[in-house]
Amino acid sequence: MNILRKLENIFRLGLKELVSLAYDPVLSILILYSFTFAVYSPAKNAQMELANASVAIVDEDRSTLSMRIHDALLAPFFFPPGHLSIGEIDEAMDSGRYTFILDIPPNFQADLVAHRHPTIQINVDATAMAQAGTGSGYLSSIISQEVRTFLGEDEIGLPVKLVTRAMFNPNLQSTWFLGISQIVNNITLLAIILTGAALIREREHGTMEHLLVLPLTPSDIMIAKVWANGLVIVVAAAFSLKVVVQWALGVPIAGSMLLFLGGTVLYLFSVTALGIFLATISQSMPQFGLLAIPVYIVMSLLSGGNTPLDSMPEALQVVMYASPATHFMSIAQGILFRGAGLDVMWPEFAAVAGIGAAFFVAALMRFRASVAAG
Amino acid sequence: MTRGDIVARLDEVTHHYGETAALEAVSLELPSGCSIGFIGPDGVGKSTLLGLLSGVRIIQTGTVQVLGGDMRDLAHRTTVCPRVAYMPQGLGRNLYPTLSVFENVDFFGRLFGHSQEEREWRIQELLTSTGLATFPDRPAGKLSGGMKQKLGLCCSLIHDPDLLILDEPTTGVDPLSRRQFWELVGRFRERQAHMSVLVATAYMEEAERFDWLVAMDAGRILATGTPQELKTQTGAETLEQAFISLLPESKRKAHRPLSIPPPRTQDGAPAIEAHDLTRRFGTFTAVDHVSFRIVRGEIFGFLGSNGCGKTTTMKMLTGLLPASEGEARLFGQPVETSSLEVRKRVGFMSQSFSLYAELTVQQNLELHAHLFHLAKDTIPDRIDEMVERFGLGDVREELAERLPLGIRQRLSLAVAMIHGPEILILDEPTSGVDPIARDAFWELLIDLSRHHEVTIFISTHFMNEAERCDRISFMHAGRVLAQDTPEGLIRARNAKTLEESFIAYLEEASTTPDQPASETDPPTPSPPNTSPHRESLRRFDIRRMWAYARRETMEIRRDPIRLGFAFLGPIILMIVFGYGITFDVEHLSYAVLDHDRTPESRQYLENFSGSRYFLEQAPLRDYAQLETRMRSGELKFSVEIPPGFGRDLTRGRRPEVGLWLDGAMPFRAETSRGYVQGVHQAYLTDLIRREFGTEVEALPVGIDARFRYNQDFKSVFAMVPGIIMLLLMLIPAMLTAVGVVREKEMGSITNLYATPVTGLEFLLGKQLPYIGIAVLNFTSLVLLSLGLFQVPIKGSVAALVLGGILYVIAGTGVGLLISTFVKTQIAAIFATAILTTLPAVQFSGFITPVSSLSGSARIMGYGFPSSHFQQISLGTFTKALGMNDLIIPLAALASFSVLFLLLSRALLKTQER
């Protein structure tokens, strides 16, 4: 009987939360934006692997071979190459217009035929960390390939051959990866801000005090916020995964979507609690904004969704393993790309659940304390 | 009264809010140089009318002429603005709570362009005459309601207005403060005989004092004239009765004089009890040993000045605040331990409106009905009953935020009573409610008390309400002064009325230094020059901008948490990211599946285990294990040696080694492939040299890859400039994000509408302090990269500094722009977070070069300041570029700064709808 009443309280308060959310249309538009455009655009148009690399050729030779090299720089790896004169190289590199500039010297083809061992220069903008290394490797192999073909040579018979196969993402397309990362990041952002700000809003408008004289416990109030905001986010994430990632971006989803959504629910439990925790620390909305943003950026940029976790200093890795976002990112990658099931992913699930429970209890304790302090 | 000039004239003025009409074809002439009261029930359009007259609201239809010109005409409004003062509804709505008394008045003085000397004597004069001069350093937020209103009046009078507009200035103010307030207004009017005063009020006894009255109902004018004229016209004795008889038949019918049956004699268990209840906040004692005992069915009134501890006492009774000492009991149970069951028997209404403004009337009622677990089938009937009782039928589907003050109060009451509580604790429930609605409400209370044995604990500022209570308690400065029946209290002081008795008690008690004897007119310093100063009417006045900048700075300085985060946040984040975000791939976990297990295969694999890039894990047994371990993410790649590798190698049959990459993270997979190929190549070169004694045939061309700017290819040189770019967008934008919308939510935005400050001055004034903070952030980040990360500036320092300044102007501009178009602070924070992170992290060249972006990403990349500053940051730190190389991005940043400001100005409303 008592538990039923508690459940009804939580249910009713949650409904109220949903109505409040719908009240500000700007908020709804932003939620829509963050799960459509903000997933699609970076995934499609800002790839991290060698894709659409900007390359220019300074062709001082203008021979058949230099034309062949030019023609071999193909999409999707490269944008159509630009043409520069030798004097423009520095300016073009400085302004970041091109990441790679090939300089094919005069008489390149003639020198090659005459075995004079000519040299092609590749200028690489080494500040473009994500592309510089792989891109120069690609360019070298494209040039050698073209040179050998031109000379009519076959690849020399090496004693051992290395055959590479990429599992889970055969063409190593970062679109797959970025789409998922963006969803995970936006889940984090929304969960922290929506729940935390909703709490502060109640406090600033005096409605929190009002709730506390009703026959409700702080945990009712908190759980209501968690489920209502969590629900909106899970629905938005499921929509984004199905429509934006799977359909619009054409990413095949290897594992069980249901399992992933289950993981999302577990994850939301911890991030919404984190949002509430931050809200109890801050006294006003401006403070909350300044507190929530750094927490979010650290959680998302260092979750392994942008750069690999293994390369971080060990102390930082330890810290990041305490962040639920890190585990959730592994769950997302594991289930969605690698098709892993609960049998493989259970340690990550357990970690998310454990951290979530800890966060929730901490937030509830803080919340109770802040309520008692008046 | 002389009927001389006209101060304002309205002609066929109609005003609508959505479907609801606030004013219907109102035509009116207001005589100059006198005090005019606007009286009428809640939501009849009084506030709208005053808003239109002050120029704060946009005129929809009709003409409004004030001080001899059309208020639609911007030029006239600008000219007339310094001659008008407007004080909005609500206690201290246009004040800044963290600013001190002096600073608040000073801020307004600066807005009107007074010189320092002039400000000083004016403030001194105003504070002395209002009795606020004894605590000029107290924050406005900590003042009592009456004090707040006096301070608000000071702020309005600083510029000697010709027209003073006060919207319900004394609602929620105690009788003594109210009396003092009007004496103050009277004194100012004596000094400035030409000043006209327009006041909206819900107190009929106050209306008696005005020279001329405008009685309003349902958006129309019922009657105008002096109080005496109105009374004569209707043949009524009091103004309240006169007003009621002016109302249309239908509304009048509902009203009948109240009769109070005598209380039943009860001596059963007390419903509410307090013994020596005490509450301290630090050294301040808000409630000092208060005791009372209220029996079932009694109506117990609580009267006292603002801030005397009434609300604190009520909060202790409801369990919202723990008592420092003493005990409170409800139904005989101590409050602290009272169960949820007890709370269900209590209804509480707090002083400020605390329902959900974003829910409709119906939704608010439903929510509470369910939270109190009324039986499902009874809920609709119960809600209908409440709606009918409190006259909420017309606004049932209206959002609570759209309701006028008085109707909101009724909704709060309806909510407090929905579950039929046995105890009602009501904190000033009728503040701002019109007389008719108040009577209807009391009728209900009396019915509850007399027929349903509901115990009522109520605080009020209305004396006629206090007279209806069975017993009342006068409170002052945390103590109970007297407690008796109304008649008893009048007798005890030999007073004629309860008000006289109350004020006598109060005056006796207020001999503390906190309450200066403001009854006598204190000597005021004489002004150095008597000609009223008129501030400049320039379109842009740097002093007004500075006034806002100064105020904003003071507010941040009083908020140590925000200040701390603003300064330390970027530094901490830079350190975390500087070490955390790296593209140097190391420690790649891998395992081998060796089907061959010969010396040859082991020799091949040794190359891997020797590399610092790789971290070997336990070997794989079979394909199934390879699959699971890759799937779990444990292994970043696996190497598979086929059966017969050694045999095939020696026989020259070219065996194939398999490399399985984890493609889930493409960037890492690419890098792993590169490393593995390197190791493989080294093995081959070594093998060929050993077996055949020859070098591998070299390629007939040389390929000379020149890694420019960053020869060592260390990611810190690319990351650190990028992190500066990232943080200098996210933090400054967040600093300004709530700037404007917070003023909208809190109400102080009215000062933009009502004072001469222009939109541009307001925006720039708000932006300046944050630009200052952001420039300091920029400095600390640059120093951090030079010192801690050892990333030197190879190019032009001047270009970097100039770029940094322009970038933070643009960044704070983004926040301000978002702040001008959103409705709530939540939306502002959320929008800033989501709209700045995407272009700053993904489309700025931080991860993917901007030159590789396509489609919408490219447009967003170039259409946002971050990519341009990334060029400057990378250019000056790593690429050794000079000022000349960076002219284009610098110009782009400058354009963004201006563009964002102009857009904000275009979106900022300088009048209310």
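## The contact between chains A and B

This is a predicted model. Chain A brings 127 residues to its contact with chain B, and chain B brings 126 residues. On the side of chain A that touches chain B, helix α7 (residues 129–151) of chain A supplies the largest share, 13 residues. By class, that side of chain A consists of 67 nonpolar, 44 polar and 16 charged residues.

Strands from the two chains also pair. Strand β4 (residues 119–125) of chain A and strand β25 (residues 702–708) of chain B run parallel and are joined by 7 bridges. In this pairing, T119(A) stands opposite G702(B).

## Helix α23 of chain B

Helix α23 of chain B spans residues 623–631, and L626(B), M630(B) and R631(B) are buried in it. These residues lie on the same side of α23(B) because they cover an arc of only 120° around the axis. An α-helix has 3.6 residues a turn, so residues three or four places apart point the same way.

## T36 of chain A

T36(A) sits in the loop between α2 (25–35) and α3 (37–45) of chain A. T36(A) counts as partly exposed because it has 16 C-beta neighbours inside 10 Å.

Leaving aside residues up to four places away in sequence, T36(A) touches S240(A) and V244(A). Between T36(A) and L278(A) there are 242 residues in sequence and 27 Å in space, C-alpha to C-alpha.

Technical notes. Residues are numbered from 1 along each chain as its sequence is written. Chains are lettered from A and ligands numbered from 1 in the order in which they are written. This is a predicted model: local features need pLDDT of at least 70, side-chain atom pairs count only at pLDDT 80 or more; totals for chains, interfaces and linings use all residues. Helices (H or I, at least four residues) and strands (E, at least two) are DSSP runs, numbered from the N terminus. A residue is buried if 20 or more other C-beta atoms lie within 10 Å of its own, exposed if 12 or fewer, and partly exposed in between; C-beta atoms are placed from the backbone. Two residues are in contact if their C-beta atoms, placed from the backbone, lie within 7 Å. Ala, Val, Leu, Ile, Met, Phe, Trp, Tyr, Cys and Pro count as nonpolar, Asp, Glu, Lys and Arg as charged, and the others, Gly among them, as polar. Two strands pair if DSSP finds at least two bridges between them. The arc is that of the directions from the helix axis to the C-beta atoms.
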